[in-house]
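Welcome! Take a moment to look over the sequence and the model, and then we can walk through some of the details together.

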Amino acid sequence: MDSVVFLAHLVEGSLPNHPLRARKLLAAGYKTVALKGKLAKTSSYAGAVDSFNGFIAQTIIDALMRPQNAVMLNIYLPCEPLYALGATAMFPEGISVYVTCTQLSLPFVQAAEAVGIPESFCSYHKQMLGMDMAGVLPKPAMIANTTLACDANQLSFRLLAEKPDGSNLYRSVIEVPYVGAELKPGDEEREALVCDVASQLEKMTEDIARMFDRELSEEALCKRCEVSLQTVKNTKEFLALRKDISLPTTLTGELCQLIATHNLCGTDEALEFSEHLLELAKAAQKEQRSEREQEQGSAHEKAQGAVHEQAGKKKPRIFWLHTLPNWQQSVMDIFETTEATLAKAEIVGNDMAYDQIDFLEELEPSKPYDFMARRLVLGSSNGPATRRIKAALAEAQEAGADGAIVFAHWGCRQTGGLAQIAKDTFEAAGIPLLVLDGDGCDSRNASDGQMVTRLEAFIEQFSQ
Ligand code: SF4
C-alpha cells in the first residue's frame with residue numbers, strides 16, 4: 001500500500017467519530033510535502049515547484065493546527081494585511097486540492113451532499129463544507145471574501161459563518177463593483193470604484209487586526225504590497241520569455257503560480273518562487289537559443305527541416321484557462337514528463353496567474369489600500385467574460401501557444417459561461433481551443449477515458 005493510500009485509509013477510518021484525529025493525520029501527512037519543499041533544490045523547475053509547494057503545505061498545516069491564527073478566505077481576496085499581521089490564509093481551493101490529492105475528496109463531498117449541498121455546486125467549496133460538517137476543518141478566527149467572479153464562495157462562506165449552535169463566525173465581504181465597460185486610467189468613474197473598494201479593504205484590515213488583537217504596522221503592510229508587486233512583475237517578465245523557451249511544466253506547477261499570484265501573494269516565499277521561475281526561464285532561453293543555433297547550423301538537421309528538442313520532437317504548446325486537475329494521473333500523463341514517459345504537450349501558461357499583469361504601472365505599494373483595490377477592480381477576472389478572454393488570448397499569443405484549453409470545472413458557472421465565447425475568440429485568432437469538461441476535485445465528475453481521448457485528439461492536430 002503506498003503512503004497516500006495508507007494516509008487516506010487512516011483518515012477515513014477516523015471518520016466520523018474522531019474528526020480531530022483525522023485533522024491531525026492530514027497535517028502529519030502534509031508535513032512530508034513541507035519537508036520535501038525544504039530539501040528541494042530550486043535550480044530545476046521541479047525543485048522550484050517542490051519548494052513552493054512545501055510552503056503551501058506548511059500554510060495548510062498551520063491553518064489546520066492553529067486555526068485561531070487563520071482567516072478563511074477565497075482565491076481573490078488580497079492577503080497582504082494577513083501577512084503584515086502574522087496571520088495565516090485558510091483557502092478552500094488549496095485545502096481541497098490537497099485533500100483530493102490525498103484521495104479523500106469523496107467522503108467530504110458526499111458529507112456535504114447528504115445535508116443538501118447540490119451535486120452541481122463547485123467541488124472545491126463543497127468539499128470544504130463537507131470537511132466543516134465532518135468536524136475536520138477547524139474554525140478559523142474569521143472569514144473574509146470578495147464578491148469577485150466566484151459565485152460559489154458567496155453561499156459556502158455564508159454557510160460556514162452561520163453555525164447552527166449560534167457560535168457564528170465574523171465575516172467581512174468585499175463588494176467588488178462589476179466593471180462592464182473599458183474604463184481608462186484616470187477616468188473619474190474608475191477612480192471612484194477603486195476608492196470605494198479601498199475603503200472596504202481598510203475596514204476589513206481593521207477587522208482582522210481587531211480579531212487578532214494586534215496592532216497593524218503601516219510600514220509592514222506597505223512592505224507586503226511591495227513584495228506582491230515584485231512577484232507579479234516577475235510573473236509578467238516570465239510570461240514574456242515563454243515564447244522562446246520550453247520548460248518541463250506540471251499541473252501542480254501551474255497551480256503553484258496561480259496561488260503565488262493570489263492567496264500567497266505578499267509572502268517572501270511567493271516572491272522567491274517567482275524569482276526562481278524567472279531565473280530558470282532566462283537560463284533556458286540562453287541554453288535553448290544556443291541549441292537552436294547549433295541545430296540550424298547543422299546541414300544534416302537543416303535537411304530534415306526541424307528544430308527539435310528533448311526527444312527529437314517539438315511538443316505542442318498549450319495555454320490553459322482556469323484551474324487544473326492535478327489529482328488526475330491520466331491528464332498529468334499527457335502534460336508531464338516522468339522517468340518512464342515523455343509529455344505529449346507542454347502547458348505554457350495559465351490565465352489566472354496573469355490576471356493582474358496589465359496595470360502594474362498603476363500600482364503604488366506606498367498606498368496599500370489603493371494598491372489592493374486596483375488588483376481587484378482592474379484585474380481581468382472582474383467584469384464581462386470577454387474581458388478575461390481578451391486578456392487570456394493576448395497571454396496565449398505572448399506565450400507562443402499552438403492551442404488552448406478551457407478547463408470547464410464542474411459547478412463553476414464562470415467558466416461554463418465563458419467557454420464557448422473563448423472558443424470562438426481564440427479560433428478567430430487562429431488558436432484552436434478545446435473545452436474540456438472535468439473537475440478539480442471530484443473524480444465522479446471526470447471521465448478519464450473521455451478526457452484522454454479528447455485531449456489526445458486535440459493535441460494530435462498540432463503534430464500533423
Ligand atoms: S472553480 Fe469557479 S466556482 Fe469554484 S472556486 Fe473557482 S471560481 Fe469559484
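Predicted model: local features only at pLDDT ≥ 70, side-chain atom pairs only at ≥ 80, totals over all residues.

## A first pair

E456 and K344 form a salt bridge, with their closest N and O atoms 2.8 Å apart. E456 sits in helix 18 (residues 448-460), while K344 belongs to the loop between helix 14 (329-335) and strand 6, so the bridge ties together parts that are 112 residues apart in sequence. Both are partly exposed: the relative accessible area is 33% for E456 and 43% for K344.

## A network of charges

Salt bridges with shared partners join R190, E191, E362, D370 and R374 into one network. Within it, R190 and E362 form a salt bridge whose closest N and O atoms are 2.9 Å apart. This pair links distant parts of the chain, 172 residues apart: R190 is in helix 9 (residues 188-212), and E362 is in the loop between strand 6 (346-350) and helix 15 (368-377). R190 is buried, at 6% relative accessible area, and E362 counts as buried too, at 18%.

The structure holds 20 salt bridges. The chain carries 44 positive and 63 negative side chains, and the centres of these two sets lie 2 Å apart.

## The whole chain

Stepping back, you can find 18 helices and 8 strands in the chain. For 464 residues, a compact globule would have a radius of gyration near 23 Å, and the chain agrees with its 22 Å. Buried residues make up 57% of the 464. Of the contacts with a separation of 6 or more, 77% come from residues 24 or more positions apart.

Definitions and conventions. Residues numbered from 1 in each chain as written. Heavy atoms only, no water. Helix = DSSP H or I, 4+ residues; strand = E, 2+ residues; numbered from the N terminus. Rg over C-alpha atoms; globule rule 2.2 N^0.38 Å. Buried < 20%, exposed > 50% of the residue type's maximum accessible area, 1.4 Å probe, protein only. Contact = heavy atoms within 4.5 Å. Lys, Arg positive; Asp, Glu negative; His and termini not counted. Charge placed at Lys NZ, Arg CZ, Asp CG, Glu CD. Salt bridge = Lys/Arg side-chain N within 4 Å of Asp/Glu carboxyl O.
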